[in-house]
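My notes follow the structure.

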Amino acid sequence: MDITPEQTEIGKDNFHEAVGFTRRDVLKTAAVGGVGLGALYFNYEKLNGSPVRTAFIGCGDEANVLITEHPADFMEIVAVADPRPANIDRTFKGSHPEVRIGLNKKLGQAKASEIKVYPDHLELLKDKDALGLEMVVIAVPLSQHAPIALACLEAGLHVLTEKLMAHNVTECKQMIRKAEQKGLLLAVGHQRHYSVLYDNANDLIQKGLLGDIKFIRAQWHRNNSFPGSDSWKKWDRGAEAKKDKEHLLGLEKSGRLKELGYDSARQLVDWRLYNKTGGGLMAELGSHQMDASSIFLGKVHPLAVQGYGGRNFYGVKGVGPKENWDDDRDIADHIYVTFEFPGRHFSEDQDDVAIVTYSSINTNRQEFYGETVFGSRGTLIMKEEKEALLYKEQSASSGGGLEQRLWVLDSSGGGGPVLDSYNTSAPSAAGAMTKGAMGDKVSRGYREEMEHFCFCIRNGRSWKDLRCNGRVAMADAIMALTANLAMKHKKRIVFKDEWFDADNDAVPETDEQITA
Ligand SMILES: NC(=O)c1ccc[n+]([C@@H]2O[C@H](COP(=O)([O-])OP(=O)(O)OC[C@H]3O[C@@H](n4cnc5c(N)ncnc54)[C@H](O)[C@@H]3O)[C@@H](O)[C@H]2O)c1
């Protein structure tokens, strides 16, 4: 969407103004209480007891982000495990001044040096009692989420695993059942569940400020067409992978990589490109945004999905006109899917359907990533997990559009709050209060997700208290994995209730509707 810098500022102020109305009380408490907004919003307190003894399994890109954000007063990292020496090295030394600062800087050299290092999860688990381990954070390639989570649950450890929950829905159900059988907590790192920004946005939507929502457009567009720019293809390009190459080839030769679930060293490093280890653009990127979209639509399950995905850009050497791109990936590089969701009155009127379109492409990043919610009374634009812009729909009687500031009125008819607009160049006091409470640096939710997980462990909370518990995360996995099936089989697939039921064995990957 074409929005000028001035209109962007108005959109941000409008969002703060509306949140100042819907979240007035909690924002005032935050202002006087000195408590983080996350704790207030997501219902937890400082930990009563010692920090939860934690091991990180997988020390790659994402684990290093989580390690940087980890709340040391809730979580004590006692061990890390990874077969890649260069990734272990940067876990201590850091590789980015803000996003991946490393354990030495985060905890101090002395404390960091007490953390034990293991070459993989199997060796780590042998030492779990000596380490006094209570929980693990799993940040490994998708295909290994379930095997490692099941092994850790079996060993009596609480599990916070990265998204997508698992490589297929059968595995999701196994994980949920195992956690329940063992009485352990299992959560998945779809961080938007713990983002204050997203929670505020959702609050506006659920209070009806955007009116009736019939359409959400979500996208994650990147441009990897410049040589060497594909961050998913590291074996030949990434500096860390180069350092690890010899070691990993040794593990490949010894058969250890096979035991860990990988056919080759290259597959371990470039895992996102292959169906055996990854789940493509839908699992890696789209799952986040379908998660957000389904929350905005009232945490409902979708009705149906269809789409197109193809290798439209990367080519195989010597085949067709793309000989410059010698690339053996399995996954599509451009995907476009359409989900049908039930609208608010779907049970009375089956035509009341809301549509979410999702696209992820590799050849243009003009619109990078985000979700735009088109409501009958307003438009909400979520940008890169950092910004939210709100605009009132234009009407003859009360103005609106990209140029006008808005405020919120209690409707005289008692139908709940509504947006109104006015011509001024300055934000209001309510907007300024919200902006102050939110702070300049927007947390993406990682810290809050880890704080709440540790809080739930220490306070004996149930899995139901976790905002992205196994059942919630399984619904996200079902959306992403079924979209993949729709693209693969070129079919419109109707979702079945039993797929979302952890106690029912029915799963999309073996459903006759799809495979026949
Ligand atoms: N929540 C988010 O926004 C977000 C963002 C990026 C990645 N992720 C997820 O995080 C996970 C990891 O992604 P990444 O980008 O860090 O990948 P990565 O390839 O950079 O790191 C994965 C690491 O896991 C290690 N590993 C593999 N098998 C292991 C085992 N058996 N024991 C110990 N370590 C093992 C690898 O050696 C590697 O260092 C993926 O599931 C991905 O989808 C989430």
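I take helices (H or I, at least four residues) and strands (E, at least two) as DSSP runs, numbered from the N terminus. I number residues from 1 along each chain as its sequence is written. I am working with a predicted model, where local features need pLDDT of at least 70, side-chain atom pairs count only at pLDDT 80 or more, and totals for chains, interfaces and linings use all residues.

Ligand. I counted a residue as near if its C-beta atom, placed from the backbone, lies within 6 Å of the molecule. I found 27 residues around the ligand, and the closest are Gly 58, Gly 60, Asp 61, Glu 62 and Glu 162. Helix α4 (residues 61–69) gives the largest share of this shell, three residues.

Domains. I used bounds from an automatic or database domain assignment. Domain 1 covers 37–194 + 447–469, domain 2 covers 212–230 + 272–375 + 470–516, and domain 3 covers 239–269. The centres of domain 1 and domain 3, taken over C-alpha atoms, are 23 Å apart. Their contact (C-beta atoms, placed from the backbone, within 7 Å) takes 10 residues from domain 1 and eight from domain 3. On the domain 1 side, helix α5 (residues 85–93) gives the most, with four residues.

Helix pair. I looked up α16 (residues 280–296) against α19 (residues 470–489). Their axes, lines fitted to C-alpha atoms over the stretch in contact, are 9 Å apart at an angle of about 135°.

Methods. Contact = placed C-beta atoms within 7 Å. Axes fitted to C-alpha atoms, helices over the stretch in contact; angles between N-to-C directions.
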